Each structure stands twice: as structure tokens, then as C-alpha cells.
Protein chains: 2
Amino acid sequence: MTTARRSGSALTEAIKRAALELGQESGYAKLSIEAIAARAGVGKHTVYRRWSSKGALMLDSLLSLDESALDYSETGDVVEDLRRQIYEAVDLLAGEPFRPLFQSLVGEAQHDPVVAAALTERFITPQADKTVARLKAAREQGQLSPDFDLDLAMAILSGPLYFRLLITQEPLTHEYVDRILEALFAGMRPRR
Amino acid sequence: MTTARRSGSALTEAIKRAALELGQESGYAKLSIEAIAARAGVGKHTVYRRWSSKGALMLDSLLSLDESALDYSETGDVVEDLRRQIYEAVDLLAGEPFRPLFQSLVGEAQHDPVVAAALTERFITPQADKTVARLKAAREQGQLSPDFDLDLAMAILSGPLYFRLLITQEPLTHEYVDRILEALFAGMRPRR
DNA sequence: TATGGAACGGCACGTGCCGTGCCGTTCTGT
DNA sequence: ACAGAACGGCACGGCACGTGCCGTTCCATA
């Protein structure tokens, strides 16, 4: 009997899917590459050939979900645009069902430089750049105080969200996002 | 020959010391309880009897360093008081030589609820409470806008610091702390 | 259409650490 | 003086690691 052999990319997808499934069932901690390979019906080599570690695999699996999902449209209103951008990121990664996995992944990045680098390159930097670009455009249109540090503004927007996700481990609601935006812009509007 | 036997608390201290030493030498990731016990000249039971996991041991070892170190004096100026409080926490845990360990520990808290709970109870909550209490006192003295959410202010102070520590993994300088304080209070001062 | 090489699934191996027993010894409280 | 707890040392089974080797299947090239 000739088993229909799957193509390379189909295997890659099957492994990612198995990783996400097992991750949601058992949690990241008790997750082994052995188990993922078994679930995907694949040899361990086939996994190791593609990813160097459990963290790299999970990160890739998780971030493959977004792709275009993290784009957002422009309304002309800075606050509204930022709100939408943050809502989408928060809903995807800090909402069900992927919050625990994303959380564990950021945790893993604290031990594993490879995961940290990949996380920064594929998610953190793109998001931060988008935020700063939008702020910059607003500042040039006179909607913001011209002396405000945009990188700092970005950190003040992002920081409390990660603080909630990682430290207090409370849910990230839209209402919380709104409050941060409100507080930030209270101090950022141009002075009369 | 009768080996001089160490008392219980002396053993506890010796194990903590060994854990911190090995943690700084090898990094948290490649750290085993076996190795810690060996370094401390102690049986594994003696470790397991005191701590339930590597994370619990490391957290205890690290936070035992502060004790009274995280107290600070009152100057009457909110910003100055908060600055001192944050400096001290940042210098101890996010400065050399303990930054990598603290970082890994917060990472561990993402997988291990026991570590997360201990971290919250022994460090996060006390720090947050202190900050909020100081803000509250200032507000009651009319130094702050009366409608500002103090918990949110605390998150805006803490969030960017953890963002730097965990996400962008840049050093936490006093200068950065100052900029956050400045930005926050720009939006918090009472309106005329 | 024939052929070599790459990728595959399956299996087994040695390694490291886990957490837990059991031993005989040493200290402590009563 | 004595019982019991805590100790250091050792050995154990278990698990997942990462890496070999096997024979098979697919694919590119000639």
C-alpha cells in the first residue's frame, strides 16, 4: 500500500496545526516535540528540520494566524486608528483561545534568545512601527503636542497592556485599552 | 570524623546562595535542582522539602535579597518619592547582576501558577500598593487631578518598565524612569 | 524513462534531569 | 537516655531530549 505522501508545505501546516491543538489542550508547559510530531503523524526529524526549538515552532504557529489580520484602516482620527490597531492585536493574541499560548511564548522569550529575536522581528517591531508611524503623522498634522516623544508614547500604550497580560494576568478588555488611550492623550494634546 | 552539621536555617541560606551563584554563572535555563543541591553540598530531599519547584526556589532566593532594601523615605514631593521607589526596585532587580534572573523568573511565572502567585504576593502587589498609596496621599493634598484613576497611573508607571525589561529587553536606566514620570505627570497635574 | 539524492516515517539509542524511594547517620527536644 | 525528625548519599524508573540509522517514497535531472 502506498501512503499518499504529503508535500513539504502541507507537512509544515500539519505540524503547526498539531502544535496549536496540543498547546490549547495541554498547555504550553507540558508540551513536547515528541507529542507534536506524533499528533501530526510525522517523524521528529521532520519537525527539527523546520524549527530549532519548541518555542520557535509555537511562535511560528501562532503568528501564522495573523498574517493580514493585523492590518487596520485609517479614519483620520489618531485615537480611533490606534484604538482599532490595538483592539485587533489584543483580540487575536490576548483573547481566547490563544492568550495562554501567547503568554507562555513571551515567557519563553525570557529564556531563549532565538524566540525573543523572532518575537521581536515578527510581532513587536512591526506593531511598534505602525503605532509610531501613526503618531508621527498625527503630530505633523498638529494633532499632538510637537515635543512629545513618540517612542515613549508607544511604550506607554503598550506597556500597561503587557503588564496586565504578564504580571497581573488580568483579561485585556477594550475598556482597558480605552482608558489607556484616554490617559495618554490627556497629556499629549497640544497646549493652548 | 563527625561532620559539623548545619542548622536548618543555615541550610536554607546555603541553598539560596548556591541557587543565585549558579543562576548567575549558567543562566536560569540550564539550571537544575540537582546542580544546586550539589553546589550547596546538600541532598535533593533537603531542597524539595523547602521549595516545590525550581521557580519557587529562585524567586525566594532573589526576593530574599531585598528585604528592607525596597523601603524609601518621604520627601513630600510625589514625583520625587515615586522616583526613589522606582529607582530602588529597578536597580535591584533590573540591574546587574540580577536582571537576567529576575527576567527569567517573570518568564517562568507565565508557565507556573505557583511562581506567578508568589511573585505577585511578594513583589508585585507590595510595590503596586506602595505606589498607589503615595499617589492617593498626593491626590488628597491636591497635588494631582482629582479625577485621575490611580490604578491606571500605577500601570502607566510600571508597564513601560516591564515592557522594556521583557519585550524590547533594553536596559532600564534612571533616565528612562524619569521620562515616564515626566510624561505621566504632564497629564496628571490639576487643571487650572 | 532511468537514476541519484533529498525528504520522509519509524525506531532505537545515549543523556540529563526529574521526583521519590531507602539507607545509615546526626542532631534535637523532652 | 531515647525517639523522631532531618540530614547526605545513592539508586531507581520515567520522560523528553536530540541524533543517529533504516528502508521507502518522491522529485529533479539527464
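1. Basis. This is a predicted model: local features need pLDDT of at least 70, side-chain atom pairs count only at pLDDT 80 or more, and totals for chains, interfaces and linings use all residues. Residues are numbered from 1 along each chain as its sequence is written, chains are lettered from A and ligands numbered from 1 in the order written, and side-chain values use heavy atoms, leaving out hydrogens and water.

2. Chain A. Chain A has 9 helices and 0 strands (DSSP runs of H or I, at least four residues, and of E, at least two, numbered from the N terminus). The C-alpha trace spans about 80 × 30 × 25 Å along its principal axes. Of 192 residues, 54% count as buried (under 20% relative accessible area, 1.4 Å probe, protein chains only).

3. Interface. In chain A, 35 residues are in contact with 35 residues of chain B (heavy atoms within 4.5 Å). The two chains bury about 2800 Å² between them, 69% of it on carbon and sulfur atoms (accessible area, 1.4 Å probe, lost on being put together, summed over both).

4. Salt bridges. The count between the chains is 2 (a side-chain nitrogen of Lys or Arg within 4 Å of a carboxyl oxygen of Asp or Glu). A:Arg179 forms a salt bridge with B:Asp149, their closest N and O atoms 2.5 Å apart.

5. Helix 8 of chain A gives the largest share of the side touching chain B, 12 residues.

Methods. Buried < 20%, exposed > 50% of the residue type's maximum accessible area, 1.4 Å probe, protein only.
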